Amino acid sequence: MKEKTLVADIDRAFYDFRYDEDEKNFLESGITPEIIREISAEKGDPEWMTEFRLHSLDVYNRLKMPQWGPDISGLDMDRIVAYIRPQKRMQSDWNSVPDDIKETFEKLGIPQAERESLAGVGAQYDSELVYHNVRREVAESGVVYTDLESAMHDERYAELIRSHFMKLVPPTDHKFAALHGAVWSGGSFVYVPAGVHLEIPLQSYFRLNAKGAGQFEHTLIIVEENAYLHFIEGCSAPKYYEASLHAGCVELYVGKNATLRYSTIENWSKNMYNLNTKRAAVEEGGKVEWVSGSFGSHVSYLYPMSILNGRGARAEFTGITFAGEGQNLDTGAKIVHNAPETSSYMNTRSISKSGGISTFRSSVVISENAVGSKSAVSCESLMLDSVSRSDTIPSMVIKTDKADVGHEARIGRISDEAVFYLMSRGLDENSAKALIVSGFAENVSKELPLEYAAEMNNLINIEMKGSIG
Amino acid sequence: MSKLNILPLPTFNRLGVNFTERDTAFETETISVPEGSERQIIQFRETDCETSVTVGKGARLNLVQVFTGRCASVLKTTVADNAQFGLIQLYLGGDNVSEIITELSGYRSGFTAEIGYDLGYGDVLDLNLVADHYGRRSTSEITADGILRANAQKTFKGTIDFKNGSSGAKGSEKEDVILLNESVVNRTVPVILCAEEDVEGSHGATIGRIDEQHIYYMRSRGIPEEQIYEMITRARLERIIKKTGDKDTQKRIYSILGWGDDDE
Amino acid sequence: MSELLKITALKVAAEEKEILHGVDLAISAGETHVIMGPNGAGKSTLGAAIMGSPEYTVTGGSIVFDGADITSETPDKRAKHGIFLSFQNPTEIPGITLSSFLRSAYEQVTGEHIKLFAFRKKLQEAMDVLQMDKAYADRELNVGFSGGEKKKAEILQLLVLRPELAILDETDSGLDVDAVKTVSAGIKAYKEQTGGSLLIITHNTKILEALNVDKTHIIADGRIAAEGGAELIDEVTANGFDKFI
């Protein structure tokens, strides 16, 4: 048996442990230009970044809350503490990480995971990256994997970051993008040079530990021409009774003929408002592959967007959403075809149970110049009882005749025959249903590395356990 | 200006599909099909009209509506136990805003909609169809077949809404659109809303060019490309026109479309 | 020399992969040629390239038909020149009936208008040869047809359109004994009625029994590996393709 027991005996309580915060480290609630200046000074931001934050705050104050999607009135913005100062600066040696933080990560199996199969791990504990390491051979190939803040101060990357930071997701995009621009903190910077093919995935593990705190990490990945990267992002947070907010931002730049696979299994605690923005721009012949599992949070708005800017660029989105009790998960994807002969493929599953609401929402836009482009969308929903909801709202906007767009969707329940068949072979009803639901999630699990697929199946089993039928 | 064709659940504002605005001058009209009876009604619509329809228990209504000009239409129907509402709508040009709300309130109530459109230069169509399933074992079957030419713009929003309690209900929706000019704009929003476990819902859409394989096969028999387009687009509408089941109506539609007699 | 079809050094690629690496083939008016070869050798590719399929790109060489270079002609122009391809997997075209489709094709190929009644009579005669149910005329083209029905519908089109050259791509594959008989009778009728040329792609000899084969070509790995008369068919039947690969 592997040392990483996380997979084998995962349960909800496991994610719910926490440590007491030292209250004096909190900045005052609410967001003012003074707070922004304080954060900025604390971080030693370059001047352009301080200006950027203040500008974003201004945009934030002017924009309205989203007028569509799930209710987020339970989110009291003034009470979200924007920033928690870390007790220690970033460590690159695991042994010097503070004990309570280390214990949290030990419990999550992070260092083991790193040793076992991952090329590099960035773990974010609250707002600062406390531990960061990249395997030596990966670093030697010229791959940069570090925290964004250090990179911003490194003259080798400073200009690269300035020219890419929030260029794909401008603060004006929506209210929470603006908030992110103002208070962002922590996150990863990855640079894969031209022609480098990283065989093993890079991984980042985010956790939100402080009560009532927001997490605003920024991930910036640049994959140059003909390079390949698989980046895995895992998220979990322990449970608190006060509403918490996650408004992260992911910006992916995929170069000519490059491929970037971005996998996420998200299991935020069930009081989290997850208002995350993810976007990729893909150049000629390049490809972005999103693999996304959404299990946690109270409310989610999550629609990774792919902008296909170069001829022949491709996007693939494979996703699953499981909405259980008290959850309203609004997820999907957006694709913009902006160049000739681009193609996209979307395959999603959603499951609703015990009063959970899952909404699949998508948009595919084929612009005037995207001649010869193709898009196919397939979504399936499973209703496990009649107190839940499942809504599907796809949209397709096509502005050229030289395109082929296909869409199919299906909604239904677990078939009685399938349950009967499995039961006739000796499975009890709950196990039979759990097995069928796992099979339903196979579109995503087959795209994940083994240990993540196993973790996802465990999450499904926990959700299914004992409460059906 | 009033807001029309409001999408039952709003989506991304930037797509411009959540509603449409229009000045309207609605007349009202009521159609009531008594229990157990059967009626066929054919209408050529040119003015704004709000129509309220009730289809009584076990009754059947076949309603054919043909739109050729500029009008706003709202068609609200309730369908009782074991009743059937068959709707055929054809949009042959113009600038139309049309809403179809069908409440399947009865046990085993049924709704079929066959929608065809052939839109050309300057034509605009905004269509919002909602099938509300309340009744147990209620069914809906929605198909839309269309052709967009020149700079035609079309939005088709089709919603199947399975309300809590509509157990055993089935709904399907399918739209096929042929695009024939680079200046067309097509918007398709096929929505399924569901608050009931025991239902089956599906939707599908295909939007784009005529299948290259079809063109090759027909060309290999000597038929030139332009004629293939003509044959295929005509066949799409003809399928729906024939379902009106009324020779005079068919003739009138053919003459609007400028189609000659097939026999000579 | 009355060469109807002359293919010279033909190279054909699909999705940038070359499948035919320089094929020469000549068919004179009235001749019957057979193409045999192992799976994946490029037999169907040759047929499709002669018809002008968009799936394939001619990367070298030429196709001359009736003295005209048709190498880059569209499929409908080739059909008007008198070429017909019986598809291995005929395409299903919803919404258009077999009758109205074939009437349009007939008018295009012959260049003359035909009244509906006259056309239906002509169609009926051809259907009788193939023992096809009348109802097929008003069914959507190939939609929901069984494999055998599709093949019969191809031969029906052959009989109505009366081309100078008919290419039959695996017309006999997947058919039961009775269907092979019917289809063979149709091909024989075409030959008798028009005296046209045939290029038959097959790996089954049943369909050839009623025909006088003038020449046999073996294609292996995108090249003509051997050529001969009807006797070559017997040799392949007895010994397979091994000696040609």
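Guide: Let us begin with C:Asp178, which lies in helix H6 (residues 177–194) of chain C. Please keep in mind that this is a predicted model.

Visitor: How many residues does the contact between chain C and chain B take from each chain?

Guide: Chain C contributes 22 residues and chain B contributes 19 residues. On the side of chain C that touches chain B, the elements giving two or more residues are helix H2 (75–81), helix H3 (98–110) and helix H5 (147–161) of chain C.

Visitor: How many residues of chain B and of chain A are in contact with each other?

Guide: In this contact, 38 residues of chain B meet 32 residues of chain A. Strand E15 (185–194) and strand E16 (200–208) of chain B are the elements that give two or more residues to the side of chain B that touches chain A. E15(B) gives the most to that side, with ten residues. The residues on this side of chain B divide into 19 nonpolar, twelve polar and seven charged.

Visitor: What is the secondary structure of chain A?

Guide: Chain A has 13 helices and 23 strands. Of its 469 residues, 55% are buried.

Visitor: How is a pair of packed helices to be read, and at what angle do H2 and H3 of chain A pack?

Guide: One takes the angle between the axes, then the handedness, then the residues that meet. Helix H2 (residues 33–43) and helix H3 (residues 47–62) of chain A pack at about 155°, and their axes are 10 Å apart. H2(A) is therefore roughly antiparallel to H3(A), since angles over 145 degrees are classed in this way. Their crossing is right-handed. From H2(A), the residues A:Pro33, A:Ile36, A:Arg37 and A:Ser40 meet A:Met49, A:Thr50, A:Arg53, A:Leu54 and A:Leu57 of H3(A). This contact is made up of five nonpolar, two polar and two charged residues.

Visitor: Which residues of H2(A) are buried?

Guide: They are A:Ile35, A:Ile36, A:Ile39, A:Ser40 and A:Lys43. These residues cover an arc of only 135° around the axis, so they are on the same side of H2(A). A:Glu34 and A:Ala41, on the other side of H2(A), are exposed. The buried residues of H2(A) pack against H3, helix H7 (148–153) and helix H9 (175–183) of chain A. Just after H2(A), A:Gly44 has a positive phi of about 65°.

Visitor: At what angle do H11 and H13 of chain A pack?

Guide: Helix H11 (residues 429–440) and helix H13 (residues 450–464) of chain A pack at about 140°, with their axes 10 Å apart. H11(A) and H13(A) are therefore oblique to each other. The crossing of H11(A) with H13(A) is right-handed. A:Asn430, A:Lys433, A:Ala434, A:Val437 and A:Ser438 in H11(A) meet A:Asn457, A:Ile460, A:Asn461 and A:Met464 in H13(A). The residues of this contact divide into four nonpolar, four polar and one charged.

Visitor: Where does B:Asn5 lie?

Guide: B:Asn5 is found in the loop between strand E1 (2–4) and strand E2 (20–22) of chain B. B:Asn5 also has a positive phi, of about 50°, although it is not a glycine. With 23 other C-beta atoms within 10 Å, B:Asn5 is buried.

Technical notes:
Residues are numbered from 1 along each chain as its sequence is written. Chains are lettered from A and ligands numbered from 1 in the order in which they are written. This is a predicted model: local features need pLDDT of at least 70, side-chain atom pairs count only at pLDDT 80 or more; totals for chains, interfaces and linings use all residues. Axes are lines fitted to C-alpha atoms, for helices over the stretch in contact, and angles run from 0 to 180 degrees between N-to-C directions. Helices (H or I, at least four residues) and strands (E, at least two) are DSSP runs, numbered from the N terminus. Angles under 35 degrees count as roughly parallel, over 145 as roughly antiparallel, 65 to 115 as roughly perpendicular and the rest as oblique. A crossing is left-handed if the near helix is turned anticlockwise from the far one by less than a right angle, and right-handed if clockwise. Two residues are in contact if their C-beta atoms, placed from the backbone, lie within 7 Å. Ala, Val, Leu, Ile, Met, Phe, Trp, Tyr, Cys and Pro count as nonpolar, Asp, Glu, Lys and Arg as charged, and the others, Gly among them, as polar. A residue is buried if 20 or more other C-beta atoms lie within 10 Å of its own, exposed if 12 or fewer, and partly exposed in between; C-beta atoms are placed from the backbone. The arc is that of the directions from the helix axis to the C-beta atoms.
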